[in-house]
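Before turning to the details, please look over the sequence and the model together, keeping the charged side chains in view.

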Amino acid sequence: ENILVTEDEIKEAYEKVDEKLLTVIRKALVNIRKYHEKQRQYSWFDSEESGIILGQKVNCLGKSRRLMYRAERQFIRPPCLMNIVPAKVAGVKTIVMTTPPGKDGKVNPATLVAAKEAGVDAIYKVGGAQAIAALAFGTESVPKVDKIVGPGNIYVALQRKPYLVL
């Protein structure tokens with residue numbers, strides 16, 4: 001009925017996730033953020049006596065970079081954290097995640113909690129090539145995106161190659 005994960009679903013996920021797992025997720029987020037902050041590139045400029053100016057200007061992709069992530073139902077896969085945190089560190093303003101729901105129409109609670117803790121702005125219950133197509137072109141329900149990143153099999157990777165962040 002609604003492929004957008006609601007705040008009630010996220011609240012329910014927090015109630016289901018073990019406190020020890022939440023502690024592990026939060027520790028991982030600290031470590032991942034610390035690592036990626038060291039990778040951040042900055043603009044710099046230098047001028048020579050001749051008047052020549054050398055340098056580089058580093059800009060974020062823009063106001064938004066969206067993320068495709070295919071979650072497994074049994075456990076949280078690191079890409080959930082490893083794709084969201086670097087985007088946040090880079091200054092991305094809006095991050096959207098897609099993940100396939102189970103047969104019950106729900107997303108694994110641990111995946112929802114990890115995504116929320118990492119700072120995702122919206123989560124859509126859709127996966128595979130359908131998610132990539134929705135993100136690449138936009139639909140009535142899923143916004144068109146600037147970049148698509150995340151794990152996937154060779155067929156998924158080939159379909160999203162123009163959008164892949166290297």
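## Charged pairs, buried helices and confidence

E7 is exposed, with a relative accessible area of 53%, where exposed stands for over 50% relative accessible area, buried for under 20% and partly exposed for the range in between (1.4 Å probe, protein chains only). The structure is a predicted model, in which local features need pLDDT of at least 70 and side-chain atom pairs count only at pLDDT 80 or more, while totals for chains, interfaces and linings use all residues. Residues are numbered from 1 along each chain as its sequence is written, and side-chain values use heavy atoms, with hydrogens and water left out.

The protein chain has six helices and four strands, arranged along the sequence in the pattern α-α-β-β-α-β-α-β-α-α. These elements are DSSP runs numbered from the N terminus, with helices being H or I runs of at least four residues and strands being E runs of at least two. Of the 166 residues, 39% count as buried. Among contacts with a separation of 6 or more, 70% come from residues 24 or more positions apart, a contact being defined by heavy atoms within 4.5 Å. The accessible surface of the protein chain comes to about 10200 Å², with 54% of it belonging to carbon and sulfur atoms; accessible areas come from the Shrake-Rupley method with a 1.4 Å probe, and for residues only the protein chains shown count as cover.

Side chains of opposite charge can pair when their charged atoms come close. The structure holds six salt bridges, each being a side-chain nitrogen of Lys or Arg within 4 Å of a carboxyl oxygen of Asp or Glu. One of them joins the side chains of K116 and E7, at 3.5 Å from N to O. Because K116 lies in helix α4 (residues 109-118) and E7 in helix α1 (residues 7-16), this pair ties together parts that are 109 residues apart in sequence.

Which residues does E12 pair with in salt bridges? One partner is K16, with the closest N and O atoms 3.0 Å apart; E12 and K16 both lie in helix α1, four residues apart, which is about one turn of the helix. The other partner is K106, with the closest N and O atoms 3.2 Å apart, and this pair links distant parts of the chain, since E12 is in helix α1 while K106 is in the loop between β3 (96-98) and α4, 94 residues apart.

| Residue | Relative accessible area and class |
|---|---|
| K116 | 31%, partly exposed |
| E12 | 30%, partly exposed |
| K106 | 36%, partly exposed |
| W44 | 45%, partly exposed |
| A122 | 18%, buried |

Helix α4 is mostly covered, as seven of its 10 residues are buried, namely A110, T111, L112, V113, A114, A115 and A118. Just after α4, G119 takes a positive phi of about 110 degrees. In helix α5 (residues 128-137), the buried residues include G128, A131, I132 and L135, and this helix is followed by G138, whose phi is also positive, near 80 degrees.

A122 belongs to strand β4 (residues 122-124). Leaving aside neighbours within four places in sequence, A122 is in contact with L4, I95, V96 and M97. The C-alpha atoms of A122 and E7 are separated by 9.7 Å, although the two residues are 115 residues apart along the chain.

On the surface, W44, I52 and L54 form a nonpolar patch with about 290 Å² of accessible area together, and W44 is found in strand β1 (residues 44-47). Patches are made of residues with over 30% relative accessible area and no salt bridge, like charges being joined within 9 Å and nonpolar side chains (Val, Leu, Ile, Met, Phe, Trp, Tyr) within 5 Å.

The protein chain averages a pLDDT of 81, and 78% of the residues score at least 70; pLDDT is the predictor's confidence in each residue, from 0 to 100. Among the elements, helix α1 has the highest mean pLDDT (96), and helix α6 (residues 154-160) has the lowest (55). Over residues 160-166 pLDDT stays under 50, and for this stretch the model has 16 contacts beyond four places in sequence. Where pLDDT is low, the predicted coordinates should not be read in detail.
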